[in-house]
Amino acid sequence: MGPLPRTVELFYDVLSPYSWLAFEILCRYKNIWNVNLQLCPSLIAGILKDSGNQPPAMLPRKAVYMKEDIKRLGHHLQVPIHFPKDFFSTILGKGSLTAMRFLTTVKLEHPEMLEKVSRELWMRVWSRDEDITEPQSVLAAAEKAGMSTGQARGLLERVSTPEVKNQLKETTEAACKYGAFGLPITVAHLDDKTHMLFGSDRMELLAHLLGEKWMGPVPPAVNARL
């Protein structure tokens with residue numbers, strides 16, 4: 001019997017492109033590093049409000065840099081990520097509340113589908129420049145991820161229930177307690193110690209903390225094509 005897997009939590013919001021990058025790297029490495037990866041849908045708006053932070057794109061120079069940064073990172077990490085044409089309306093105006101409540105419901109009811117549904121929501125907003133705020137858009141993502149129409153509709157009907165609202169709030173508050181001021185954050189629980197890492201560019205450091213080998217964002221023998 002081998003060593004028990006270490007628990008690593010990823011707190012993310014599909015509005016965050018850097019969350020997508022961190023998500024894909026961790027999904028590639030979870031078996032290689034023998035970690036129990038816990039996906040934690042959170043609300044970035046709540047974290048920004050709680051910490052007093054603002055979206056990086058609110059500063060014009062950062063917005064220009066971020067657009068190029070994401071393009072370069074997408075190529076490097078082999079993630080098909082593209083800036084939405086109307087960034088401010090899509091990302092800053094409409095928000096992600098329905099999408100993140102839906103993912104919270106998926107985690108509660110069908111956790112085995114959470115990875116695939118999360119990825120499809122990112123694909124919609126950050127790869128194909130499609131909506132993720134309307135119910136039909138969320139349903140389309142869920143169906144593309146492999147859910148039946150009836151299954152997806154049943155989950156969508158629950159997004160406004162107290163259970164789902166409270167769970168999303170609790171997960172967001174947990175991220176804040178770890179010290180989050182934005183997303184993504186990766187939290188590693190090792191030898192009774194908790195390590196919180198911010199951003200998608202701390203995976204080499206995570207490997208060091210885990211005592212594992214970092215083989216770049218696309219490790220050998222992993223099919224990264226999305």
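**Figure 1. Salt bridge between glutamate 130 and arginine 124.** In this predicted model, the closest N and O atoms of glutamate 130 and arginine 124 are 3.2 Å apart. A salt bridge here is a side-chain nitrogen of Lys or Arg within 4 Å of a carboxyl oxygen of Asp or Glu. Arginine 124 is buried, at 12% relative accessibility, whereas glutamate 130 is partly exposed, at 28%. Buried stands for under 20% relative accessible area, exposed for over 50%, and partly exposed for values in between (1.4 Å probe, protein chains only). By the salt-bridge rule the count comes to 11. Local features need pLDDT of at least 70 and side-chain atom pairs count only at pLDDT 80 or more, while totals for chains, interfaces and linings use all residues. Residues are numbered from 1 along each chain as its sequence is written, and side-chain values use heavy atoms, with hydrogens and water left out.

**Figure 2. Salt bridges of aspartate 201 and arginine 119.** Aspartate 201 pairs with arginine 202, with 3.0 Å between the closest N and O atoms. Aspartate 201 is exposed, with a relative accessible area of 57%; arginine 202 is partly exposed, at 38%. Salt bridges with shared partners join Glu24, Lys30, Glu115 and Arg119 into one network. Helices (H or I, at least four residues) and strands (E, at least two) are DSSP runs numbered from the N terminus. Arginine 119 is buried, with a relative accessible area of 15%, and glutamate 115 is partly exposed, at 23%.

Figure 3. Glutamate 24 is buried, at 3% relative accessibility. Leaving out residues up to four places away in sequence, glutamate 24 touches Val79, Arg119 and Leu226; contact requires heavy atoms within 4.5 Å.

**Figure 4. The aromatic cluster of Tyr12, Trp20, Phe23 and Trp122.** Rings of Phe, Tyr and Trp (its six-membered ring) pair if their centres lie within 6.5 Å; planes under 30 degrees apart count as stacked, over 60 as edge-to-face and the rest as tilted. This rule gives 10 aromatic pairs. The rings of tyrosine 12 and tryptophan 122 have centres 5.2 Å apart and planes at 35 degrees, so the pair is tilted. Tyrosine 12 belongs to strand S1 (residues 6-12) and tryptophan 122 to helix H6 (residues 114-126), so their pairing ties together parts 110 residues apart in sequence. Both tyrosine 12 and tryptophan 122 are buried, each at 0% relative accessibility. The rings of phenylalanine 23 and tryptophan 122 are also tilted, because their planes stand at 50 degrees, with centres 4.8 Å apart. Phenylalanine 23 is in helix H1 and tryptophan 122 in helix H6, so this pair ties together parts 99 residues apart in sequence.

**Figure 5. The largest nonpolar core, with 61 residues.** A nonpolar core is a set of buried Ala, Val, Leu, Ile, Met, Phe, Trp, Tyr and Cys residues joined through side-chain atoms within 4.5 Å. Phe102, Trp126 and Leu206 touch the most other members. Helix H1 (residues 17-29) gives the most to this core, with nine residues. Beyond its neighbours within four places in sequence, phenylalanine 102 is in contact with Val117, Val138, Ala142, Ala152, Leu155, Leu156 and Val159. Apart from this core lies another, of 11 residues, including Leu48, Ala175, Leu183 and Ile185.

**Figure 6. Cis peptide bond between leucine 183 and proline 184.** Omega of this bond is about 10 degrees. Proline 184 lies in the loop between helix H9 (162-177) and strand S3 (185-190).

**Figure 7. Positive phi angles at asparagine 34 and aspartate 192.** Asparagine 34 has phi near 55 degrees and sits in the loop between H1 and strand S2 (35-41). Aspartate 192 has phi near 65 degrees and is found in the loop between S3 and strand S4 (193-198). Asparagine 34 is partly exposed, with a relative accessible area of 30%, whereas aspartate 192 is exposed, at 87%.
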